[in-house]
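Good morning, and thank you for joining this meeting.

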Amino acid sequence: MTFTEIIETEEKYGANNYKPLDVVLEKGKGVWVEDIEGKKYLDCLAAYSAVNQGHCHPHIYDAMVEQAKKITLTSRAFRNDKLPLLYKKLNEMTGYEMFLPMNSGAEAVESAIKAVRKWAYNVKGIEKNKAEIIVANDNFHGRTLSIVSFSSEEQYKDGFGPFTPGFHLVKFGDIEEIKSKINKNTAGIMIEPIQGEAGIIIPPDGYLKQIREICDEHNIAFICDEIQSGLGRSGKLFAYEYDNVRPDMVIIGKALSGGFYPVSAVLSSKEYLGVFNPGDHGSTFGGNPLGAAVAIAALEVLENEKLVENSFNLGEYFVSELRKISNPIIKDIRSRGLWIGLELTENARPYCEKLMELGVLCKDTHHTIIRVAPPLVITKDEIDWALERFRKVLV
Ligand SMILES: *Cc1c(COP(=O)(O)O)cnc(C)c1O
């Protein structure tokens, strides 16, 4: 099919819930992707941080192919020999003691909410069906019905009601508002330690620490959604490390599979994940041996190639160079690691289109923000290559 035929076919048959840039990708390797005409682009989105390890990483590829030759899916009706190895790897890397494997990020968020609610009733002793979870304005936790029920983005909810009750929105970064919402039914506080979809919004220093203190004081579960911020994107393994805290529950996905296969997980303790009994919750594909083998390899790549450190160091370099671009349309630049939000005073999409013509793929978020989040395997030379294009577009 030609470029035009591909786009026309997609538009004709596909539900219209995305508006992609008109680039048709066929191949990817490391930070580079290639379209059907052989033009190369530097990927500065990294599939929303799912390909932190770079496209088609050979170590993950090998693990996937080797596992696919043996067995791919057993269902959890039977055991498989790979899932326990993933648990061990996660335990060694993160220190958490219990895990719940799922597939998509939204499923893991749903699973965390279910665990916290059950904990609230069975352990904390909240009256049945009264549990409340505090969440932040401008959050992004996925697209299932219960999750969009507590979105503050009108478009995510419009036409999808009725919604799941039991959530309270507070202003992100405002600790006093959290305190004012706490009552005897508060079961959890769930936030993204850095809000990605909202435009790389970093809370004030000490915000997570204060949430931790409130949770300790009132016996409330502190849940961090690290699906996008985690696994090296922020320059730390987890973004919560910037505040020296330890959440009760951490949700990961995206880069957990390096982009090969949907794998997500809830990381927690026996206190919370111990509430599940056989039959309470499940997923046909969750914890399958193919996903587990891929996830182990994806985590190994993070360690072997020191991608967390690379994200920290090269993130500093990338942003310091971007800050040198002097143009009044740049309103703000926010960053942690290789995760940069370039906020403009005007619509960012035309700038993303110009960058695309020059060979850099970025995606605007919330209209005015260009999100720059390349795979963490990027080198300084490749950043310089991208910077040349940013300078051209932002003169
Ligand atoms: C992407 C994302 C999700 C949802 O993950 P899916 O795999 O798309 O369901 C949830 N939370 C955050 C912070 C995300 O970035």
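Predicted model: local features only at pLDDT ≥ 70, side-chain atom pairs only at ≥ 80, totals over all residues.

A search of the whole structure finds 8 aromatic pairs, and I shall present two of them. In one, Phe140 and Tyr156 have ring centres 6.0 Å apart and planes at 80°, so the pair is edge-to-face. Phe140 belongs to the loop between β5 (132-136) and α6 (145-149), while Tyr156 is in helix α7 (residues 154-157); the pair thus links distant parts of the chain, 16 residues apart. Is Tyr156 buried or exposed? Tyr156 has a relative accessible area of 15%, so it counts as buried, the cut-off being under 20%.

In another pair, the ring centres of Phe318 and Phe390 are 6.1 Å apart and the planes stand at 75°, so this pair is also edge-to-face. Phe318 lies in helix α12 (residues 307-323) and Phe390 in helix α14 (residues 380-393), 72 residues apart. Both Phe318 and Phe390 are buried.

I turn to charges over rings. Arg336 lies over the face of Tyr242, 4.2 Å from the ring centre. Arg389 is placed over the face of Trp385, at 3.7 Å from the ring centre.

Arg389 and Phe390 also take part in a helix contact. Helix α13 (residues 349-357) packs against α14 at an angle of about 130°, with the axes 10 Å apart; α13 is therefore oblique to α14. The crossing of α13 past α14 is right-handed. On the α13 side, Tyr351, Lys354 and Leu355 make the contact, and on the α14 side, Arg389, Phe390 and Val393.

Methods: Residues numbered from 1 in each chain as written. Heavy atoms only, no water. Phe/Tyr/Trp six-rings, centres within 6.5 Å; stacked < 30°, edge-to-face > 60°. Helix = DSSP H or I, 4+ residues; strand = E, 2+ residues; numbered from the N terminus. Buried < 20%, exposed > 50% of the residue type's maximum accessible area, 1.4 Å probe, protein only. Lys NZ or Arg CZ within 6 Å of the ring centre and 35° of its normal. Axes fitted to C-alpha atoms, helices over the stretch in contact; angles between N-to-C directions. Parallel < 35°, antiparallel > 145°, perpendicular 65-115°, else oblique. Left-handed = near helix turned anticlockwise from the far one by under 90°. Contact = heavy atoms within 4.5 Å.
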